[in-house]
Amino acid sequence: MKACVVVFPGSNCDHDCWHVMHDVMRLPVEYVWHKQNALPKVDLVILPGGFSYGDYLRTGAIARFSPIMQDVVRHANSGRAVIGICNGFQILLESGLLPGAMLRNDSLRFICKHIYLKAVNRSSIFTKNIAANQVLNIPIAHGEGNYFCDADTLKCLEQEDRIAFQYVSESGQVNMDANPNGSAANIAGILNEKKNVLGMMPHPERASEAILNSKDGRVIWESLAAALN
Amino acid sequence: MFQAKINVTLKKSVFDPQGKTVLDALHSLGFGEAEDVRVGKYFKMTLKAKDKAAAEKEVKAICDKLLINPVIEEYQFQLAPLESDQ
């Protein structure tokens with residue numbers, strides 16, 4: 001599997017993503033500047049976290065018009081893999097590759113802490129190595145991660161098995177106490193219709209090595225490597 | 001030249017945590033009459049257009065393409081010729 005990390009002005013998790021690919025997974029990876037018109041030949045596009053364009057207007061609203069995004073959309077529409085993490089997820093929502101939108105966290109606070117997740121869909125290229133009932137300890141770091149969509153879209157996401165991750169308690173229960181930001185149905189990550197595009201607010205790249213106190217995020221990269229190699 | 005004054009607000013169906021927090025603050029300050037607060041965005045834009053109809057079409061296109069996210073937001077605007085033109 002070969003990956004690229006798209007760098008927008010204001011991205012700040014691009015190096016972490018590159019490091020996990022290169023040093024942890026030992027897979028080929030390269031950076032792509034957002035002004036480029038074409039992606040290199042890769043299996044996986046990573047849209048990293050950060051504050052692209054300073055979050056001006058709305059999170060991800062300006063980055064979605066960066067030149068590289070046209071090719072990211074083509075890459076996604078051809079069925080190849082895209083993962084958007086945090087601000088990357090917000091960019092995917094603004095670009096229309098994923099449904100819904102982000103609101104301010106219901107606490108109005110920027111939240112930076114470890115939370116617990118469970119994979120709802122465990123058959124996608126991103127989640128197939130995750131065991132049933134496995135609870136992942138992965139950090140979030142966002143001010144606008146309160147996932148919103150209308151009732152019909154939510155129903156559609158549920159029926160089509162497109163909820164990738166939900167915020168849960170340490171024991172794996174879905175409840176309001178485990179929901180850090182007010183997201184609809186405790187949603188932490190969703191998939192597109194073809195399930196080749198994943199957007200998630202938690203940062204698996206910050207939890208892929210024991211030295212970082214959790215390597216629970218690594219299972220996502222391992223799922224991808226197994227599926228795309 | 002025209003000037004557009006554009007107000008963007010969250011749709012009624014979307015909970016506005018900022019508005020709720022401002023409302024709570026107003027109540028705690030003794031402004032018990034305040035019943036609802038919605039926090040939005042305001043854009044003031046000058047644009048070239050041959051007439052008001054063209055300006056209106058352009059402002060709508062700008063709002064739909066970039067200024068708002070139709071999943072959560074809606075907008076209203078007022079349009080007036082800029083005085084320096086008259």
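Trainee: What makes strand 1 and strand 3 of chain B a pair?

Mentor: In this predicted model, nine bridges join strand 1 (residues 2–10) of chain B to strand 3 of chain B. Pairing takes at least two bridges, so the two strands qualify, and they run antiparallel. For one spot to look at, B:Thr9 stands opposite B:Glu74 in strand 3 of chain B.

Trainee: Why are strand 2 and strand 3 of chain B called edge strands?

Mentor: The open sheet in chain B has three strands in the order 2-1-3, paired antiparallel. Strand 2 (41–47) and strand 3 (73–81) each pair on one side only. From one strand to the next, the twist averages 20 degrees. Helix 2 (residues 52–67) of chain B lies across strands 1, 2 and 3 of chain B, at about 150 degrees to strand 3.

Trainee: Over to chain A. How do you know which strands pair with strand 3 of chain A, and in which direction?

Mentor: Three bridges join strand 1 (residues 3–7) of chain A to strand 3 of chain A, and four bridges join strand 3 to strand 4 (residues 81–85) of chain A. With at least two bridges needed, both count as pairs, and strand 3 runs parallel to strand 1 and to strand 4. A:Ala3 stands opposite A:Leu44, while A:Val45 has A:Val82 as its bridge partner in strand 4 of chain A. Between strand 3 and strand 4 of chain A the chain passes through helix 2 (residues 68–77) of chain A, in a right-handed β-α-β crossover.

Trainee: Which way do the side chains of strand 3 of chain A point?

Mentor: A:Leu44 and A:Ile46 point one way, A:Val45 and A:Leu47 the other, and all are buried. In a regular strand the side chains alternate between the two faces of the sheet.

Trainee: Which residues touch the most other members of the largest nonpolar core?

Mentor: They are A:Ile46, A:Ile83, A:Tyr147 and A:Phe165, in a core of 70 residues. Helix 5 (residues 218–228) of chain A gives this core its largest share, five residues. Apart from it lies another core of 13 residues, including B:Phe2 and B:Phe43.

Trainee: Why is the pair of A:Trp18 and A:Tyr31 called stacked?

Mentor: The ring centres are 5.8 Å apart and the planes meet at 15 degrees. Centres within 6.5 Å make a pair and planes under 30 degrees apart make it stacked, so this one is stacked. A:Trp18 sits in helix 1 (residues 14–24) of chain A and A:Tyr31 in strand 2 (residues 29–33) of chain A, 13 residues apart.

Trainee: What makes A:Trp18 partly exposed?

Mentor: Its relative accessibility is 24%. Buried would need under 20% and exposed over 50%, so A:Trp18 counts as partly exposed. A:Tyr31, at 32%, is partly exposed as well.

Trainee: And how do you know that A:Phe89 and A:Tyr147 are stacked?

Mentor: Their centres are 6.3 Å apart and their planes at 15 degrees, so this pair is stacked. A:Phe89 lies in helix 3 (residues 87–95) of chain A and A:Tyr147 in strand 8 (residues 146–148) of chain A, so the pair ties together parts 58 residues apart in sequence. A:Phe89 is buried at 1% relative accessible area, and A:Tyr147 is buried at 1%.

Trainee: What is phi of A:Asp55?

Mentor: Phi of A:Asp55 is near 60 degrees, a positive value in a residue other than glycine. Most residues other than glycine have a negative phi. A:Asp55 is in the loop between strand 3 and helix 2 of chain A.

How values were computed. Residues are numbered from 1 along each chain as its sequence is written. Chains are lettered from A and ligands numbered from 1 in the order in which they are written. This is a predicted model: local features need pLDDT of at least 70, side-chain atom pairs count only at pLDDT 80 or more; totals for chains, interfaces and linings use all residues. Side-chain values use heavy atoms; hydrogens and water are left out. Buried means under 20% relative accessible area, exposed over 50%, partly exposed in between (1.4 Å probe, protein chains only). A crossover is right-handed if, with the strands pointing away from the viewer, the path from the first strand over the helix to the second runs clockwise. A nonpolar core is a set of buried Ala, Val, Leu, Ile, Met, Phe, Trp, Tyr and Cys residues joined through side-chain atoms within 4.5 Å. Axes are lines fitted to C-alpha atoms, for helices over the stretch in contact, and angles run from 0 to 180 degrees between N-to-C directions. Contact means heavy atoms within 4.5 Å. Rings of Phe, Tyr and Trp (its six-membered ring) pair if their centres lie within 6.5 Å; planes under 30 degrees apart count as stacked, over 60 as edge-to-face and the rest as tilted.
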